[in-house]
Amino acid sequence: MTANRLAESLLALSQQEELVDLPKDYLLSGSEDEGDNDGEREHQKLLEAISSLDGKNRRKLAERSEASLKVSEFNVSSEGSGEKLVLADLLEPVKTSSSLATVKKQLNRVKSKKTVELPLNKEEIERIHREVAFNKTTQVLSKWDPVVLKNRQAEQLVFPLEKEEPAIAPIEHVLSGWKARTPLEQEIFNLLHKNKQPVADPLLTPVEKASLQAMSLEEAKMRRAELQRARALQSYYEAKARREKKIKSKKYHKVVKKGKAKKALKEFEQLRKANPAAALEELEKIEKARMMERMSLKHQNSGKWAKSKAIMAKYDLEARQAMQEQLAKNKELTQKLQVASESEEEEGGTEEVEELLVPDVVNEVQMNADGPNPWMLRSCTSDTKEAATQEDPEQLPEPEAHEVSESEGEERPVAEEEILLREFEERRSLRKRSELSQDAEPAGSQETKDSSSQEVLSELRVLAQKLKENDQSRKQKASSEGTIPQVQREEPAPEEEEPLLLQRPERVQTLEELEELGKEECFQNKELPRPVLEGQQSERTPNNRPDAPKEKKKKEQMIDLQNLLTTQSPSVKSLAVPTIEELEDEEERNQRQMIKEAFAGDDVIRDFLKEKREAVEASKPKDVDLTLPGWGEWGGVGLKPSAKKRRRFLIKAPEGPPRKDKNLPNVMINEKRNIHTAAHQVRVLPYPFTHHWQFERTIQTPIGSTWNTQRAFQKLTTPKVVTKPGHIINPIKAEDVGYRSSSRSDLSVIQRNPKRITTRHKKQLKKSSVD
Amino acid sequence: MKVKMLSRNPDNYVRETKLDLQRVPRNYDPTLHPFEVPREYVRALNATKLERVFAKPFLASLDGHRDGVNCLAKHPKNLATVLSGACDGEVRIWNLTQRNCIRTVQAHEGFVRGICTRFCGTSFFTVGDDKTVKQWKMDGPGYGEEEEPLHTILGKTVYTGIDHHWKEAVFATCGQQVDIWDEQRTNPICSMTWGFDSISSVKFNPVETFLLGSCASDRNIVLYDMRQATPLKKVILDMRTNTICWNPMEAFIFTAANEDYNLYTFDMRALDTPVMVHMDHVSAVLDVDYCPTGKEFVSASFDKSIRIFPVDKSRSREVYHTKRMQHVICVKWTSDSKYIMCGSDEMNIRLWKANASEKLGVLTSREKAAKDYNQKLKEKFQHYPHIKRIARHRHLPKSIYSQIQEQRIMKEARRRKEVNRIKHSKPGSVPIVSEKKKHIVAVVK
């Protein structure tokens, strides 16, 4: 039974459309007779209408009006419910039965499949194609926008755009067909050949090539850096040498010299060990030097210096030492050298000889002062000092080294000298610092004090001094600033105040007078320049002073622009002014008097005012008088039209616009346009300009060579477009402006996608063949 | 006693050789050279007057055709060579320097509708009323050889125009549809249509060479993309467009010569509003060609005159006419931008200077400097009424002159009516359409 029903329902699905218009009450209406049907239906309708009156919408049943062959027994209709019949509705009863799984599956598949949309019609497709193609083309074209804009705004365009490369033949071509004729040419050729100068590219001789290859960039850089360093070191050493040369201390130089000698000796020793032959040569040299010395008799006590020293030696320890040293040197030089290995013993021997040679005085003193070598003593003391005081970690190793060196007998003097040198250095630096700090300190105290602590001290001192100075300067500044503005403030203030005080009352005076006079006098008199009674003013000023500001305010409104010319400029005079100024005033007055006398006849201001008045009158629109004498009344000689008539026929002219010079008392503006100049003037602002001053500026800058230098003239007159006669100007190309042109040719692109064209074309071909 | 003397460095005033120019010291102190503006104004005025005095643009007339000249073509590599096709099917090749005809070919029966040269200049193509496309060698036949085309393509319909690709062996013809041909084949490799109407001319874009523009007699201008083998867009104007021409320096700009006496410059990316409407002709504009610099173009009109327009101005800067010149059918601007050729109904080709008062031949540097200076002065003072009046003044034949007056009256009447209509209707109900938009009917995608 259910299977039957299902089959039926499937059938119904297939005939859905027919089912739609099947009415529900088909069976009912079908069973009835046609004849009495009408009355029944009328009645039914009436009933329905009545029942629908209650507001609730009753189900509207579809009505069937024509017969149909297919009649569904299930009475399925979508019309009644107002909804479409959905597949799911039909499947609901199937859910219960499991035997119809396959059908169900098929139905589900049908449901899941999407319907294929109808293909668009041909026009639509073409339109879409076109739109896509257009967008693509627009994109391609938009790359030209900047180029076009640039060319449109360019100051100058030179056509043709592509640069023609000058047709210059390469040099080898020129050379191949050319022979040296003159001797000079031959000489040059020989030279070139000698250097194996190649003719073809690249034009480099083998040597140049090698040199190019020899050095890579990094190597060259390293070389350069090395050279730079060497140069820097050299300059550094030079500077050092210069510095040392400047040192005036004899002791220092002596020490240095001695050190050098020692060093030479040491080197010689080493040389003797390493290379006896060289040492022998060296020895010979020394011998020669000795001989020279001996011949010159330089180091004996016969020199000027030596004599002076000998005198001083009695009292001065240093002088004595110098003497001794010289003697020692002399001895050393004059002595004939024997075998080098016995130098130590000889040294001992020399001392003895020295004692013999040295003058008695020197020796005596030395013996008195200090038995052993004074150099030794000093070095010991300094060393101990250093060891005790110096706590700097940097300088620690050096003293240690000295101590080590002290243990060795031979090298000790070298260390001594070093120490001495260092001392010198320190002293020098300290001296400099002290000079900076402007602290005069005894040099002796520095020796005893620790160097580092002294540094700190000196720095502190410097700082303190600076602070002091700063403070002082600041104070000074502040005071100066304080004083100067005060002075300035004090100075201008009276100046400012004075004129105010002087002027105000006077102006008030004149205005007051004006007012008074204005009340009294008529219009004409006002324009005339009026003499001002100075005496009166001076008398009145003190009285008016307290209420001057008030009055001034009042009067300011009363200043009439018309009368600006006629009012006299206020003279700078009052009771407060000292007598000197009065004198000056007198001078001025004299001057004015003279000028007045000179130009007694012409009153310029009055003339001007008169002229202006006339101009104003002339520019005023005229009334039109239309009275006809003798019209409507008696006429004749001596008879005038009556006032009434005149009034009646007088057409008053409308008042024109205010004159531009109405508020400018000392200016007269002619408002009539000059036709002759107007013909040469631009009436409206031309298009690209937005302001008249822009346009005026372009006009006012001359471009001719009369006003500009040649260069500027050329620049100003460059034409916008330059073309060369006889040169073909090709259309702009992508390569000209730096773009890469499309690699594919247009033709190949067509042949790649010929689909639509060929089909259409084939059709046409067919058609034509048929025809 | 010491005598003070003037001493000068002789280098400042002695010439090295007597051929050198004498040194003239100048003082540029502005107070020494007053009235610079009035003086330059006078110079500008004189320059303008002289320009008009020397304005003699007509150079030569090439006569020989036995019917109206229908089409012209430039040789791409040779400035002196010009090709022309006449209404009796005759093609002539001219030498401009000698001003004579160097070759005559009876190419077609009936009109020669179109002529174009190959980009290399070795051959040229013609289309005619006899439904054929013919390719000819540029050089004449040898002694004893027959004058015959290299190739002949027999078409099914009449071709009305032809243009050659700027870089490749491809050409395009137009008639009922736009066909693109490979030179080696007898069938078009591509044909594009949009609607059914006879297309009067087709032009390749010289910059982006795959673009084409055509104009048909149903008042529209259609753009095509050759590579995608599809039309791009169509704009419909008030009246028929006779021909178009692409700007050789600006890839997306083209100008259309219209029957409604105007020319329209379009940006092909925005066809709904022309960039500029050029109006001065008093009859249908038949042909247009761009100056190779892309700054100006020349148009030929049915009103027996040719006019030169700057691309950014709506009014022409120059008008050329002669008594004998009839309706001008075709016009070309030579590739060196110095000359203009026009072919007209009365069988002549005329050669004009592009710049009417320009001196031909080699100029000395001083002449050149003076020319540049005068040009700049004219530019500077161009807005001054006197100068403007003189520079603008042209003598026109009576027919054109009266036509201009008449059209001015008509235009004024139309404008007045429009104003009145706006005035007497509800505000906003009558839209105010700008002159540019007025002539565009529709843009079809």
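**View 1. Buried positions along helix H13 of chain A.** In H13(A), A:Tyr252, A:Val255, A:Gly259 and A:Phe268 are buried (under 20% relative accessible area; exposed is over 50%, partly exposed in between; 1.4 Å probe, protein chains only). The model is predicted: local features need pLDDT of at least 70, side-chain atom pairs count only at pLDDT 80 or more, and totals for chains, interfaces and linings use all residues. Residues are numbered from 1 along each chain as its sequence is written, chains are lettered from A and ligands numbered from 1 in written order, and side-chain values use heavy atoms, without hydrogens and water. Helices (H or I, at least four residues) and strands (E, at least two) are DSSP runs, numbered from the N terminus.

**View 2. The span of H13(A).** The helix covers residues 250-274. Its 25 residues should span 36 Å at 1.5 Å a residue, and the end C-alpha atoms are 36 Å apart, which agrees. The expected span is 1.5 Å times one less than the number of residues.

**View 3. An open sheet in chain B.** Four strands lie in the order S10-S11-S12-S13, with antiparallel pairing. Pairing requires at least two DSSP bridges between two strands. S10 (161-164) and S13 (188-192) are the edge strands, each pairing on one side only.

**View 4. Strand S11(B) and its neighbours.** Four bridges join S10(B) to S11(B), residues 170-174. B:Ile162 stands opposite B:Thr173, and B:His164 opposite B:Phe171. Five bridges join S11(B) to S12(B), residues 178-182. There, B:Trp181 is the bridge partner of B:Phe171.

**View 5. The two faces of S11(B).** B:Val170, B:Ala172 and B:Cys174 are buried on one side, B:Phe171 and B:Thr173 on the other.
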